[in-house]
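We will go from stop to stop, selecting a few residues each time.

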Amino acid sequence: MTETLPAPADRAGRVGHAGHPGQIPLTSVDFAWLRMDDPTNLMHINGVLVLDQLIGLEQLRANITERLLAIPRFRSRVVIPKRGKPYWEEDPAFDIANHVYRIVLPDPGQDAELSGAIEGLISTQFDFDHPPWNFLLVDNYRGGSVILARLHHCLGDGVALMLVLLSLTDRTPDADPTVPNPFLSLYNQDEEGALDLATIRRLAEDIMPDGMRLLLHPAEAFRSVKGWLKGPVATHNFGRLLLRKRDPQTVFKGPLGVPKKVAWSDSLPLSDVKAIGKVLGGTVNDVLLSAMAGGLRRYLQRFGEPAADLNFRAAMPVNLRTMERMEQLGNEFGLIFLSLPVGIADPVKRLEELSRRARSLKRSLEPIVVFRILDTLGIVPYAIQKMVVKIFATKATAVMTNVPGPRQTLYFAGRPIEDMFFWVPQAGRVGIGISICSYAGAVRMGVGSDAGLVPDPERIVTGFHEELELMRGLAGLPPVPPAS
């Protein structure tokens, strides 16, 4: 019998038999993410590239055909066999028009219209008879174009997909179209003339040094301990996670519905965030997370003053992938559960406490244990996976992720990418996701929420800005000029 999956993954691909030539096994971790799909929480990564110039639909399709479709995973669909393991196979009925199409925002084409369009799309389920991704050309946004990328989590995690982004872009507007993008060779290592991994890594470190340093470093720790993290050690750490207390009940927790809401912050100079951390103490990530914790606190104040000892956790991804495995895409990350000191009103004390907690988790085995759990969930019966995911969802109130992106302006089909930001999915019954992305010397934050729990995530963004401005003043930095 074909395994029954939760909607919409019960329609995930054609039913067939594994072992045919050209089939690539779906890893157990990727299958676990596929089975986490639920109509109220789809495992979709949604990202936006803002272009300050118009681009045509045919130009977009040409770029996607030449670049993205050169990567076999993006020409493939998921097949769940009657017997054996699920696998990827090339879609025999692939049509670029099903994956890359155009929508037009209503006038006046500002943030409200863009967020409304995104909210109408992010709860739309993929047709798993075909590869689970879309690139939408969104016209009439502030006189330029927006590209909305929608990708299922089973395709890859944030680190893998950032490398895919590099393969779609160029470093100059007049790049020679006849010269293959060097990052595409990462996915075609057997082809004659493919670049070696050391060359690709040097290129990636040049374009996004913070991303490569921060995201690849944990992989070294993973390699050093994965051999002995088994048996009693794994069982003990799994038990500690399982027995951890539930997060307290707040307005951020409750039954979920299908409709979602999205919001995003203004573009913030990364140099200012670094300066705040240098004066007040803390990394860039600490400063941004502390400001976000303050924004969540301000949101809670509408419903009464939060208790001084209020803490709740954010599940945060930690990369465990080595460069040698980048070309395989998929998911290779664990999670840490960072307790956010939301009850602390003083921004300096909150930053100090959050930094202390974050440091204590840096050498934790928690992300590796969670990765092992995900690896196991992909091979156990679905009912067991659903139960475990439900239990772990009680241990967190939000999902938070920080992806350091390129430090320089990149070009898509010859057009400069003005900005980028994204929204992370929330597994289980978690109702709020917060995503931080840096690009070209600036940083933006995206907030996605369940419409029933948090119908106004823009209020959280406002609180985040207010907290960051307060921290700027305490650090002796001049106030930010009002946005135009």
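Start by selecting Arg350 and Glu467, which form a salt bridge with their closest N and O atoms 3.1 Å apart. This is a predicted model, so treat each distance as computed. Arg350 sits in helix α10 (residues 347-361) and Glu467 in helix α13 (residues 457-474), so the pair ties together parts that are 117 residues apart in sequence. Both residues are buried.

Next, pick Arg297 and Glu305, whose side chains meet in a salt bridge at 2.6 Å, N to O. Colour them separately if you like: Arg297 is buried, at 7% relative accessible area, whereas Glu305 is exposed, at 56%.

Move on to Arg67 and Asp170, another salt bridge, with 3.2 Å between the closest N and O atoms. Arg67 belongs to the loop between α2 (57-66) and β3 (76-79), and Asp170 to the loop between α4 (158-168) and α5 (197-207), so this contact links parts 103 residues apart in sequence. Arg67 is buried at 8% relative accessibility, and Asp170 is buried at 16%. In total, the structure holds 23 salt bridges.

Finally, switch to cartoon view and find the open, mixed sheet of six strands, ordered β5-β6-β7-β2-β14-β13. β5 (100-104) and β13 (411-412) are at the edges with a single partner strand each, so one side of each has no neighbour in the sheet. Zoom in on β6 (residues 133-141) and β7 (residues 144-152), which pair antiparallel over eight bridges. There, Leu136 has Leu148 in β7 as its bridge partner.

Terms used: Residues numbered from 1 in each chain as written. Predicted model: local features only at pLDDT ≥ 70, side-chain atom pairs only at ≥ 80, totals over all residues. Heavy atoms only, no water. Pairing = 2+ DSSP bridges. Helix = DSSP H or I, 4+ residues; strand = E, 2+ residues; numbered from the N terminus. Salt bridge = Lys/Arg side-chain N within 4 Å of Asp/Glu carboxyl O. Buried < 20%, exposed > 50% of the residue type's maximum accessible area, 1.4 Å probe, protein only.
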